[in-house]
Amino acid sequence: MVAAGLDGRSVLDVGCGSGALSLVAAASGARRVVAVDLDPEARRVTAANAERNALSERIDVLDGGLDDVSDRFDLVVANLGVGVLNVLTPAVL
């Protein structure tokens with residue numbers, strides 16, 4: 001569960017999958033959410049879910065992975081296994 005108080009904050013959702021974490025962040029007041037996933041189907045589903053929930057104006061689904069992200073974020077979320085997180089952590093910090 002995402003804590004309240006995301007008003008005005010930026011969020012990066014790594015490995016967005018269906019976009020659940022992106023949707024919760026945007027619905028919790030994040031001003032900007034960037035969702036990334038290497039799987040094109042995951043990106044498509046995330047964008048569709050954002051549209052379906054009227055949150056697409058605050059959720060930006062990138063066509064690519066972390067290499068395409070250059071901004072800094074207030075919060076990074078990821079629903080990934082520990083092995084993948086260990087590999088990705090240096091790229092996020």
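This is a predicted model: local features need pLDDT of at least 70, side-chain atom pairs count only at pLDDT 80 or more; totals for chains, interfaces and linings use all residues.

Author: The side chain of arginine 43 forms a salt bridge with that of aspartate 63, at 3.7 Å from N to O. Arginine 43 belongs to helix α2, whereas aspartate 63 sits in the loop between β3 and β4, so this pair ties together parts 20 residues apart in sequence. Aspartate 63 itself is exposed, at 68% relative accessibility.

By the rule used here there are three salt bridges. Another of them joins arginine 44 to glutamate 41, where the closest N and O atoms are 2.7 Å apart. Both residues lie in helix α2 (residues 40-52), and because they are three residues apart, about one helical turn separates them. Arginine 44 is partly exposed, with a relative accessible area of 48%, and glutamate 41 is also partly exposed, at 41%.

The remaining pair is arginine 32 with aspartate 71, whose closest N and O atoms are 2.9 Å apart. Here distant parts of the chain are linked: arginine 32 is in strand β2 and aspartate 71 in the loop between β3 and β4 (75-78), 39 residues apart. Arginine 32 has 28% relative accessibility and counts as partly exposed; aspartate 71, at 39%, is partly exposed too.

Side chains of opposite charge can pair when their charged atoms come close. Aspartate 13, in strand β1 (residues 10-14), is buried but has no salt bridge. The nearest side chain of opposite charge to aspartate 13 is that of arginine 43, 12 Å away. Beyond its neighbours within four places in sequence, aspartate 13 is in contact with Gly19, Leu21, Ser22, Val34, Ala35, Val36 and Val77.

Ser22 is touched by valine 33, one of the residues with the most contacts inside the largest nonpolar core, a set of 14 residues. The elements giving two or more residues to this core are α1 (20-27), β2 (32-36) and β3 (59-61). Val34, for its part, is included in a second, separate core of seven residues, along with Leu12, Leu66 and Phe73.

Technical notes:
Residues are numbered from 1 along each chain as its sequence is written. Side-chain values use heavy atoms; hydrogens and water are left out. A nonpolar core is a set of buried Ala, Val, Leu, Ile, Met, Phe, Trp, Tyr and Cys residues joined through side-chain atoms within 4.5 Å. Buried means under 20% relative accessible area, exposed over 50%, partly exposed in between (1.4 Å probe, protein chains only). Helices (H or I, at least four residues) and strands (E, at least two) are DSSP runs, numbered from the N terminus. Contact means heavy atoms within 4.5 Å. Lys and Arg count as positive and Asp and Glu as negative; His and the chain ends are not counted. A salt bridge is a side-chain nitrogen of Lys or Arg within 4 Å of a carboxyl oxygen of Asp or Glu.
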